[in-house]
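Please look over the structure shown here.

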Amino acid sequence: MRLSRFYAPTLKEVPAEAEVISHKLLLRAGMIRKLTSGIYTYLPLGLKILNKVADICRAEMNRAGAQEILMPSVQPADLWRETGRWEYYGKELLRFADRHGRDYCLGPTHEEVVTDLVRGEVRSYRQLPLNLYQVQTKFRDEIRPRFGLMRGREFVMKDAYSFDKDEAGADKSYWDMYHAYDRTFRRLGLMFRAVEADSGAIGGNFSHEFMVLAETGEDTIAACTACAYAANLERAEVMDATPSSDKPSGEACGCGALAEVSTPGKHTVEEVCAFLKIPAARLIKTLLYDVDGQAVAALVRGDREMNEVKLKNRLNATTVTLATPEQVKAWTSAEVGFAGPVRGMLSVTRILADNELKHGDAWVTGANKTDAHYTNVSLSRDCGANIEFGDLRVIAATDPCPRCGGGIEFKRGIEVGHVFKLGLKYSQTMNAKFLDENGREQFMIMGCYGIGVSRIVAAAIEQNHDENGIIWPPAIAPFEVVVMSLGGKEPEVAAKAEELYLAMIEAGIEAALDDRDERPGVKFKDADLVGYPMQIVVGGKGLANGIVEAKDRRTGVKTELPVADFAAAFAAWRKDVHGGWGA
């Protein structure tokens with residue numbers, strides 16, 4: 001492609017709307033343009049990258065035995081009502097009615113549609129396993145779309161759905177997709193980590209997220225330094241171990257008499273601990289929740305953070321929300337900040353406590369009375385036998401790995417892929433059955449596997465950029481190499497640049513020729529901004545000495561290549577550039 005004819009309107013200034021680096025660089029490099037909030041037009045450079053990502057996804061899906069289909073983006077409400085998600089999904093689901101008054105939505109995901117398709121066609125176990133995938137535009141009406149392609153309302157996704165006759169087949173389908181994703185992200189040239197994850201609104205009972213590692217990532221990953229264990233903070237398990245010496249200690253029910261102390265105006269952990277001159281590890285936070293309309297108390301140590309996803313999963317709940325001040329007053333007879341688990345003082349249906357609280361006594365808790373706390377609290381003595389213990393807190397850097405006991409470190413990541421075991425969630429509600437070997441009806445066991453194709457474009461930039469612009473991995477760069485002609489009015493320079501460019505095209509290398517009537521400085525800046533992995537500079541002075549200059553965008557290292565034996569020299573240099581990406 002000759003850049004003099006290519007539509008790639010680069011910008012010198014950073015648009016005011018852009019917040020994160022990928023958004024800024026995609027706009028500046030002339031790859032996307034905003035149409036409206038959270039919705040973007042892909043310009044030629046951006047679309048080339050998007051298609052390259054999609055093609056790698058397709059190749060690995062096909063290799064794993066999945067078959068490509070294309071489902072409609074407009075979905076009838078009746079299917080969503082079958083699964084109950086029409087009401088549950090919330091305002092992110094863009095609903096509308098057609099001229100006949102029938103309800104529809106723009107698809108944010110396609111579990112209902114693909115299940116409806118398969119239940120109408122698959123009758124026998126002989127037709128299973130089946131894995132269908134698509135690359136399709138999705139729409140989720142985000143309340144606050146931001147960060148460009150990272151969190152838009154309209155986005156491109158690769159989603160696959162597996163159907164199996166039994167658990168063994170479902171396990172195989174899951175791990176086939178897991179390994180296909182691993183190969184996909186390696187081919188994309190990205191540093192990533194597969195982490196255990198919560199299934200969220202999609203449903204199911206087992207899942208992994210694939211995270212592109214980047215300091216600007218929104219998600220935090222807990223990763224072992226000694227083994228392969230990694231999980232997002234929602235999922236990361238905390239080992240139930242004997243407490244260390246920094247935790248409260250004391251003989252069970254032998255920690256002294258329960259005592260009420262005045263704590264006027266001390267609502268927060270920090271305020272109470274400062275007032276009573278105790279460490280936060282001595283205090284129990286009593287958090288009150290409305291769980292599907294029921295009052296529930298959840299306890300965690302004062303220096304820990306409650307993991308509401310773990311709480312929700314433990315209760316098998318649909319909704320878990322912090323109690324309102326009015327609810328707190330009704331359940332405790334106190335203002336917010338003074339709730340506690342002491343028996344007979346708290347009006348809730350269930351009390352759950354983090355495992356860590358099993359290992360100590362002499363706690364401080366709220367007294368369910370405004371401006372008062374209890375000291376010397378023993379959960380076993382003072383709070384009754386109905387407290388349920390479990391892993392309810394967010395993992396900390398001081399916790400051991402739940403698999404091997406090694407150290408835990410935190411990394412930042414961007415979720416770009418997610419694989420789920422759905423089980424019978426959709427097949428049961430939508431009556432997707434088949435006849436087994438004995439002629440008996442069985443529900444199909446499902447899996448769901450998504451990759452954010454457009455999000456990968458942004459995540460790749462968040463991971464690979466410098467102060468001058470984008471640094472694309474070669475596999476997804478819009479052009480692998482740009483040949484820059486710096487000859488001005490020197491015809492021999494333009495001719496040589498043209499010759500090298502055409503030779504690359506003939507060799508099957510995706511190349512661009514910067515033949516624009518621009519100053520060398522403009523061409524250099526645009527080449528770095530757009531992020532071509534390889535730059536070949538053809539200038540009069542170099543040609544006079546029989547060389548052209550080659551620059552590796554990733555390292556910035558410049559190399560002189562001989563014009564006389566350019567093809568062989570370029571091939572060797574190109575191999576080195578690719579090798580730097582681990583390809």
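## Confidence

This is a predicted model. The protein chain has a mean pLDDT of 93. Of its residues, 96% reach 70 or more.

One stretch needs care. Over residues 244–252, pLDDT stays under 50. The model has 16 contacts for these residues beyond four places in sequence. Where pLDDT is low, predicted coordinates should not be read in detail.

## A three-stranded sheet

Three strands make up an open sheet. Their order is β13-β19-β18, and they pair antiparallel. The edges are β13 (259–262) and β18 (363–366), each of which pairs on one side only. On average, neighbouring strands in this sheet are turned by 30° against each other, direction ignored.

Strands of a sheet pair through backbone hydrogen bonds, either parallel or antiparallel. Here, β18 and β19 (residues 372–377) run antiparallel and are joined by three bridges. T365 stands opposite Y374 in β19.

## Aromatic pairs around Y181

The structure holds 14 aromatic pairs. One of them joins Y181 and F185, with ring centres 6.3 Å apart. Their planes stand at 75°, so this pair is edge-to-face; the cut-off for that class is over 60 degrees. Both residues belong to helix α6 (residues 167–188). Y181 and F185 are four residues apart there, which means about one helical turn separates them. Both Y181 and F185 are buried.

Y181 also pairs with F210. These ring centres are 5.4 Å apart, and the planes meet at 55°, so the pair is tilted. Y181 lies in helix α6, while F210 lies in strand β10 (residues 206–213). The pair therefore ties together parts that are 29 residues apart in sequence. F210 is buried, as is Y181.

Which residues do ring pairs link into a cluster? The members are Y174, W175, Y178, Y181, F185, F192 and F210. Y181 and F185, the edge-to-face pair, are thus seen again here. F210, the tilted partner of Y181, also belongs to the cluster.

## Charges over rings

Two further contacts bring a charged end over a ring. The charged end of K425 sits over the ring of Y426, at 5.4 Å from the ring centre. The charged end of R554 sits over the ring of W581, at 6.0 Å from the ring centre.

Definitions and conventions: Residues numbered from 1 in each chain as written. Predicted model: local features only at pLDDT ≥ 70, side-chain atom pairs only at ≥ 80, totals over all residues. Heavy atoms only, no water. pLDDT = per-residue confidence, 0-100. Contact = heavy atoms within 4.5 Å. Pairing = 2+ DSSP bridges. Helix = DSSP H or I, 4+ residues; strand = E, 2+ residues; numbered from the N terminus. Axes fitted to C-alpha atoms, helices over the stretch in contact; angles between N-to-C directions. Phe/Tyr/Trp six-rings, centres within 6.5 Å; stacked < 30°, edge-to-face > 60°. Buried < 20%, exposed > 50% of the residue type's maximum accessible area, 1.4 Å probe, protein only. Lys NZ or Arg CZ within 6 Å of the ring centre and 35° of its normal.
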